Amino acid sequence: MAGNIIEVTNLEKRFGQNLVLKNITFNVQRSEKVVIIGPSGGGKSTLLRCLNRLEDDYQGIVKFNDQNIMLADAGKIRSIRQKIGMVFQQFNLFPNKTALENITFAPVKLKLLSQQRAIDRAHRLLSQVGLDNKANAYPQSLSGGQQQRVAIARSLAMNPSVLLFDEPTSALDPEMVGDVLAVMTDLADKGMTMIIVTHEMSFAQKVADKILFMDQGIIADQGDPHYIFHETKNPRTRAFLSKVMI
């Protein structure tokens, strides 16, 4: 189904007197992979959190499936968050639950699936992320990369329309990064709509349909990977890439 699934228009967000997002406007089409890059402190994570109203009290319009989420009541926001999954830097798994239980918890609690159907889905998702042999493992016995893959499976268990990734590999040891990026690449290949904040430039070039370069709270540059990495004349983009493409 063609068309925009997320539309952001003139979004501005303040923390106190500090304007951290300034006149942000962009769209995301269904099945599109949008990667957000830029220096730390540029507003990337705050922007992601505005898309499902984890950050509130902002100016402008954020639409999901043509609904302005700023006008949604608490019940509607819960429904929207079921369809806009989020994977964080820190895995946020329940330490007292197994990998399987972490994945089944929300669908069962929200009465979206029966216990058995949730278990069946969790096993399929664990297999999809390469952890079918870790269903009964607790988070403390898993590596960081394995925990992040469980976190991705947990988000997928809600059958989201969009997945937001907030620097999902930044807390991982280098040898763990590849397995997580492989799972994300597989999701991209299967048509999942994804908005990804990352410092993994080779991954961005491989997966993105569109790249947004954010700096000092604005979208300073945007385009497809070839434009951003090879053609842009924007001095801020070029300066950033010269530091990270080493």
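How many bridges join E1 to E4? Five, and the two strands run antiparallel. This is a predicted model, in which local features need pLDDT of at least 70, side-chain atom pairs count only at pLDDT 80 or more, and totals for chains, interfaces and linings use all residues. Residues are numbered from 1 along each chain as its sequence is written, and side-chain values use heavy atoms, with hydrogens and water left out.

**Stop 1**

Select strand E1, residues 4-15. Strands (E, at least two residues) and helices (H or I, at least four) are DSSP runs numbered from the N terminus; two strands pair if DSSP finds at least two bridges between them. The open sheet here has the order E2-E1-E4-E5, with antiparallel pairing. Its edge strands are E2 (18-29) and E5 (67-68).

Eight bridges pair E1 with E2; look for Leu-11 and its bridge partner Ile-24 in E2. In the hairpin of E1 and E2, two residues lie between the strands, and Gly-16 takes a positive phi near 65 degrees.

Next, select Phe-64. Ile-6 stands opposite Phe-64 in E4, and Phe-64 stands opposite Gln-67 in E5.

**Stop 2**

Select E6 (84-87) and E10 (218-223), the edge strands of an open, mixed sheet in the order E6-E7-E8-E3-E9-E10. E6 and E7 (residues 162-166) run parallel and are joined by four bridges; Ile-84 has Val-162 in E7 as its bridge partner.

Contact means heavy atoms within 4.5 Å. Helix H2 (residues 74-83) lies across E6 and E7, at about 65 degrees to E6.

**Stop 3: the nonpolar cores**

Select Ile-37, Ile-152, Phe-165 and Met-184, the residues with the most contacts inside the largest nonpolar core, which has 48 residues. Such a core is a set of buried (under 20% relative accessible area, 1.4 Å probe, protein chains only) Ala, Val, Leu, Ile, Met, Phe, Trp, Tyr and Cys residues joined through side-chain atoms within 4.5 Å. Helix H6 (residues 174-189) gives the largest share, seven residues. Domain 1 (23-83 + 161-245) and domain 2 (95-160) both contribute, so this core lies between them; the bounds come from an automatic or database domain assignment.

Finally, a second, separate core of 31 residues includes Leu-47, Leu-51, Ile-69 and Met-214.

Terms used:
Buried means under 20% relative accessible area, exposed over 50%, partly exposed in between (1.4 Å probe, protein chains only). Axes are lines fitted to C-alpha atoms, for helices over the stretch in contact, and angles run from 0 to 180 degrees between N-to-C directions.
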